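Reader: Could we go through the fold and the charged pairs of this entry together? Please start once the structure is displayed.

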Amino acid sequence: MAIDIGGTKIAGALVHPDGTMTATTRRPTPRGVDAEGVMAAVAEVVADLSGSPLWSSAVRCGIGSAGPVDTSRGTVSPVNIGAWRDFPVQERIAAELAARGAELPTVLAGDGVAMTAAEHWLGAARGYANALCMVVSTGVGGGLILNNQLHPGPTGNAGHIGHISVAFDGEPCVCGGRGCVESIASGTAIARWAREQGWTPSAGSGPGGSGGPDGADGPGTARDATAAGVAAAAAQGDPIALAAFDRAGRALAAAIAASATLVETDIAVIGGGVAAAGDTLFGPIRTHLAQYATLSFVQELQVVPATLGTHAGLIGAAAAATMLLPPSASSEPSSAPAPTA
């Protein structure tokens, strides 16, 4: 069983051992309500799942959530869900499941860690024993696979590459640090820096439809005052837009190289709305990576786009449950390749 909680939607699904999903359901994340109002939407998703004939087949539940998260306590304080601060989401979901006859082991993972589990199971990091996976959108998050194991750390925040400092004298970050990757390479930061340098959205059309806020929802047009719009302008050769993505790519390259040097990862997988810019982002990352990943054991480091897109949240919640919770001897034969989560 997989539940994915974000700032715009709360989704659920029953995920099979091969990664296919059934009983998929979703609700918009409520706005202008208190903590219980948001939880009511989660309860509706659980109720929908309980109507599936496969409900009784589930053996564990994975919960992926926007962060910050504290998996040691099972709590979340998502920046895009203001009503939840230190909300005990894992305990509350376990209670909802039990009330509907499914007393399952549950696990909580941040969205970056869930994305990492998904890409390692079925996506671009599949087959790699050591991987860094990243989400570059309105923020920058990530997770680690080390020796084929998901490595969330004690509170579920290991691999949070967005708050590695790559600019010693850089501008303050919202986290309280200075020169963090997120303050340079997030969709928000790319758009802000471009505007500060004098870039303004043009009247011309870019290569796609209207983009979401700060590049969170895919390609945009050169009229968008967001990272999607900056990407569209860069594709048309705008020098400030190109410089904004070069700056972001350099920050990401420095952080990727530092992480790979520390734990010897083989591949870096990048997803999220800003990654939809394609070579506009990946070109600068790969160019600058050669300047930072100079030691012999990181020189072959690959940087590739994520492949699972919008499915990464639910698949990742299921994958995290499979990787972080022990198998159920009563429910799973030893020959089973993976549980139904």
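**Sheet and salt bridges**

Author: In this predicted model, 5 strands build an open sheet with mixed pairing, in the order 3-2-1-4-7.

Reader: Which strands stand at the edges?

Author: Strand 3 (21-28) and strand 7 (106-110) do; each has a single partner strand, so one side of each is left without a neighbour in the sheet. On average, neighbouring strands are turned by 15° against each other, direction ignored.

Reader: How many bridges join strand 2 to strand 3?

Author: There are 6 bridges between strand 2 (residues 9-15) and strand 3, and the two run antiparallel. Gly12 stands opposite Thr25 in strand 3.

Reader: What does helix 3 touch on the sheet?

Author: Helix 3 (residues 111-122) packs against strand 2, strand 4 (61-65) and strand 7, and its direction makes about 100° with that of strand 7. Helix 9 (residues 312-324) also packs on the sheet, touching strand 1 (2-5), strand 2, strand 3, strand 4 and strand 7.

Reader: Changing topic: how many salt bridges are there?

Author: The count comes to 7 salt bridges. One of them joins the side chains of Asp48 and Arg27, at 2.8 Å from N to O. Asp48 lies in helix 1 (residues 35-50) and Arg27 in strand 3, so the pair ties together parts that are 21 residues apart in sequence.

Reader: Which residues are linked with them in a network?

Author: Arg27, Glu44 and Asp48 are linked in a network of salt bridges.

Reader: And Asp70, buried or exposed?

Author: Asp70 counts as buried, at 17% relative accessibility. Its salt-bridge partner Arg73, at 3.9 Å from N to O, counts as exposed at 52%.

Key: Residues numbered from 1 in each chain as written. Predicted model: local features only at pLDDT ≥ 70, side-chain atom pairs only at ≥ 80, totals over all residues. Heavy atoms only, no water. Pairing = 2+ DSSP bridges. Helix = DSSP H or I, 4+ residues; strand = E, 2+ residues; numbered from the N terminus. Axes fitted to C-alpha atoms, helices over the stretch in contact; angles between N-to-C directions. Contact = heavy atoms within 4.5 Å. Salt bridge = Lys/Arg side-chain N within 4 Å of Asp/Glu carboxyl O. Buried < 20%, exposed > 50% of the residue type's maximum accessible area, 1.4 Å probe, protein only.
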